[in-house]
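The numbered points below take up its covalent links, its nonpolar cores and its charged pairs in turn.

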Amino acid sequence: MTPVFLLLLLFVSLTAGQTPGEPDDEPPMEELDVSETIARANDGIETRLVHGDIVPNLQRNADPCVKSGCKWPKRGRYVYVPVAISSAYTRDERNIIIRGLITFHRSTCIRFVWRRRHQQYLHFFSGTGCWSYLGRQRRGQPVSLRKNGCLYTDTVQHEVLHALGFHHEQVRSDRDEYVSILDENIIPGNQGNFEKQPTNNLGTPYDFESVMHYGKYAFSRNGQPTIVSKSDPDLEFGRATKMSDNDIARVNTLYQCKV
């Protein structure tokens, strides 16, 4: 099955049953950055999470695991990632997820294919909030995108980037050169969401425009900033609505894409 056919397969699913003039846009939403969208959806859920939306795997330690088993395998020029999407979603809801997946086809060597006999795959379902594991983990790896809270292109991209092996931008290993974390403004018990990680930054610059960057007021207890840019304390960030050029470059570097 060629990569072109795989893309067409997703496109057919996306457009199946639509009539001319039928709306195909995402549902209207408040002007929230992706971290705020995720924080609201995950508020009070019982699923154990770290860094706001990552399910911990006690046998693996964040990004370095991509060096020892949790990268998705590459075959030829492409990295094929099997997916299944829960039938509990409506067609329009499924299409939001599919559109998010197709964005990776346009700019990387990641190719999402329908799960058939694959043992390792991503299973998108409407769970308790918006969350994912970090990197390839196990059979039927869940990615939770709750209805009425998580179904936006930036949120899909964010959780898929976690599943591909990427952490949040503001916890990368060199973040102290670029931002200050204001612990006194963080909601008690949420300081762990800001713990720096031993990330592989793949030679890319710190990126305030990354879809993986928290907003300036993420997990604030008092309306004051929890993350401040060192070069410009007034800088607003974390408002990406899609993957940045650096997000794409990191995928292509980690997976040795030639696009």
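**Notes on the predicted model**

1. Cys-109 and Cys-257 are joined in a disulfide, with 2.0 Å between their sulfur atoms. The structure is a predicted model, and a search of the whole of it finds two disulfides. The link of Cys-109 and Cys-257 is left-handed, with -60° about the S-S bond. Cys-109 lies in the loop between α3 and β3 (110–114), whereas Cys-257 lies in the segment after α5 (245–254), so the pair ties together parts that are 148 residues apart in sequence. Both cysteines, Cys-109 and Cys-257, are buried.

2. The other disulfide is formed by Cys-130 and Cys-150, whose sulfur atoms are 2.0 Å apart. This link is also left-handed, with -90° about the S-S bond. Because Cys-130 belongs to strand β5 (residues 130–131) and Cys-150 to the loop between β6 and α4, the pair ties together parts that are 20 residues apart in sequence. Cys-130 has a relative accessible area of 0% and is buried; Cys-150 is likewise buried, at 0%.

3. Which residues touch the most other members of the largest nonpolar core? They are Phe-124, Leu-164 and Tyr-255, in a core of 45 residues. Two or more residues of this core come from each of the elements α2 (34–42), β2 (78–85), α3, β3, β4 (122–125), β6, α4 and α5. In soluble globular proteins, nonpolar side chains tend to be buried together.

4. Tyr-255 deserves a separate remark. When its neighbours within four places in sequence are left aside, Tyr-255 is in contact with Lys-71, Trp-72, Lys-74, Val-79, Cys-109, Ile-110 and Leu-164. Among these contacts is Cys-109, a partner in the disulfide with Cys-257.

5. Turning to charged pairs, the count of salt bridges comes to eleven. One of them joins the side chains of Glu-93 and Lys-147, at 3.4 Å from N to O. This pair links distant parts of the chain, 54 residues apart: Glu-93 is in helix α3 (residues 91–107), and Lys-147 is in the loop between β6 (141–145) and α4 (153–164). Is Glu-93 buried or exposed? Glu-93 counts as buried, because its relative accessibility is 16% and the limit for burial is under 20%. Lys-147, by contrast, is partly exposed, with a relative accessible area of 24%.

6. Two further salt bridges join sequence neighbours by number. Arg-91 pairs with Asp-92, their closest N and O atoms lying 3.6 Å apart. Arg-91 is partly exposed, at 32% relative accessible area, and Asp-92 is partly exposed as well, at 41%. Asp-176 pairs with Arg-175, where the closest N and O atoms are 2.8 Å apart. Here Asp-176 is partly exposed, at 35%, while Arg-175 is buried, at 9%.

Methods
Residues numbered from 1 in each chain as written. Predicted model: local features only at pLDDT ≥ 70, side-chain atom pairs only at ≥ 80, totals over all residues. Heavy atoms only, no water. Salt bridge = Lys/Arg side-chain N within 4 Å of Asp/Glu carboxyl O. Buried < 20%, exposed > 50% of the residue type's maximum accessible area, 1.4 Å probe, protein only. Helix = DSSP H or I, 4+ residues; strand = E, 2+ residues; numbered from the N terminus. Disulfide = S-S within 2.5 Å. Core = buried A, V, L, I, M, F, W, Y, C linked by side-chain atoms within 4.5 Å. Contact = heavy atoms within 4.5 Å.
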